[in-house]
Amino acid sequence: MSLSIKMEIDTVEDVTCLDPELLQLPEVSSFALKNSPQLVEDLFSRWLSLPETGHLVKSLIDDAKAGTTVNASAKYSNVNAVGSLPSMFTGGNAPPLSPRSSLGSPRASKQKSSPSALGSPLKLVSERMQEVIPQFYFQNGRPPTKELKEQCFSKINHLFSNPLNGLQIDEFKTVTKEVCKLPTFLSSALFRKIDVDCTGIVTRDAFIKYWVDGNMLTMDIATQIFEILKRPGCKRLTQVDFKPVLRELLATHPGLEFLRSTPEFQDRYAETVIYRIFYHIKRSGNGHLTLRELKRGNLIAAMQHADEEEDINKVLRYFSYEHFYVIYCKFWELDADHDFFIDRENLIRYGNHALTYRIVDRIFSQAPRKFTSELEGKMGYEDFVYFMLSEEDKSSGPSLEYWFKCIDLDGNGVLMPNEMQFFYEEQLHRMECMAQEPVLFEDILCQIIDMIAPEREDCITLQDLKGCKLSGNVFNILFNLNKFMAFETRDPFLIRQEREDPTSTEWDRFAHREYIRLSMEEDVEDASNGSAEVWDESLEAPF
């Protein structure tokens, strides 16, 4: 850097263009500086050798690279205050940098600025603007604005007409809907959250303390529901936390009114809904639901839909009664002794013996998911719900994860050809027994690779499967012969039906078809029983 300064000085014919006063060196005469350019260079080199000067230059360069305003004056004054000087200076002032103006010329600097105006060879280009960043994190939630609080108080004062007596639990639904903007079947849970002393009444002041002063008013709806449902001292939701919400839904929703006379089926419906929620939203299987998982899922939208829709069967996500009916009837059909448990022989009959023995054994080894049943070799109702949702909709993320763990025999996170061949061997044998033309595994493997297009052709990862819309067919090829044959001979009508309604999932279409079949069977059974009764009465009438 000193070499560049020397070259610049040597190129200047008139040495007097360098104003010595700008260097602020009272110890050295101006005449000596004007006639000794080499002295100026020596002084500058000594100043550059100071550690504080190195920090100053580096800081200025970093500011320039970042595009921030360079406050050279403040930085320079700090260096002078703490920096040590070369031994030849005893007055306390180190040599300044070469005088520069915003135009970069010493002559222009002399013409446009005086030493008193500059104050330092490193002239302050512009003052750094003090930018105030508003607070964006609040430990207990963002406080509501004055306007928002006034609007809320107006609604509260209207609904709490008698602030002394407050509202009872059956009167609190209007507050939940109009003030809190929450589904009405969350009313009981919110009421009990505020009424911690179980007095049976929520006063105006108690509601304001919880909803307004507690900053619940400014939270997003997912956080509001999470805070209402979770128990004190807990940071996650469990299945138990959803039971009060389902009880309220069953007691108040017009589409579930017919179940009020059958408490047993009410409990089964509530359990099924909760199992479906955790199946889709909670992937780890530890039974705890975090706020982040709740926000990422579609449960909040499904709750709002269920609150607005009178026909519960139109709420396909989680709450449809028809979907519960299909799952429960399937379980009841397989549970031959009706002890509410299913063993290997029961499950092998699923889908008209569609599954292979090897995949059923893999399921009962609890490779995809540990059973909640405490009986050895028995699958409980919750385990069956997870199995059935995975079997009938292999395009969903949870289903792909479920079956991937089944096929991954060594648990190394990739599917190797030998693992896929192990399961396909039984499929091949079944095709031969059914007098169908067998398809060799080598051909099947090529078809799978072409279908999935994995990053590596020698193995398939879970990420490869999730990136392909046809990945569910891979598992059907390996262990579900009925669906494998159906895929090979696809019905154009079904393909067109899928394209016409792209929002419906494979599970939605299956549940709809199965519910129609089950309801028709029940109608036929009822009709046959009814005709028999009529026939018996006609025989007995003459007597």
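Modeller: Contact here means heavy atoms within 4.5 Å, and by that criterion Tyr 386, Phe 387, Ser 390 and Glu 391 in H21 meet Pro 398, Ser 399, Tyr 402 and Trp 403 in H22. This is a predicted model, in which local features need pLDDT of at least 70 and side-chain atom pairs count only at pLDDT 80 or more, while totals for chains, interfaces and linings use all residues. Residues are numbered from 1 along each chain as its sequence is written, and side-chain values use heavy atoms, with hydrogens and water left out.

Colleague: What makes H21 roughly perpendicular to H22?

Modeller: The axes of H21 (residues 381–392) and H22 (residues 397–407) come within 8 Å and cross at roughly 105°. Angles under 35 degrees count as roughly parallel, over 145 as roughly antiparallel, 65 to 115 as roughly perpendicular and the rest as oblique, so H21 is roughly perpendicular to H22.

Colleague: Why is Met 388 called buried?

Modeller: Buried means under 20% relative accessible area, exposed over 50% and partly exposed in between, with a 1.4 Å probe and protein chains only; Met 388 has 0%, so Met 388 is buried. Met 388 is found in helix H21.

Colleague: Why is the pair of Tyr 279 and Tyr 386 called edge-to-face?

Modeller: Rings of Phe, Tyr and Trp (its six-membered ring) pair if their centres lie within 6.5 Å, and planes under 30 degrees apart count as stacked, over 60 as edge-to-face and the rest as tilted. The centres of Tyr 279 and Tyr 386 are 5.3 Å apart with the planes at 85°, so the pair is edge-to-face.

Technical notes
Axes fitted to C-alpha atoms, helices over the stretch in contact; angles between N-to-C directions. Helix = DSSP H or I, 4+ residues; strand = E, 2+ residues; numbered from the N terminus.
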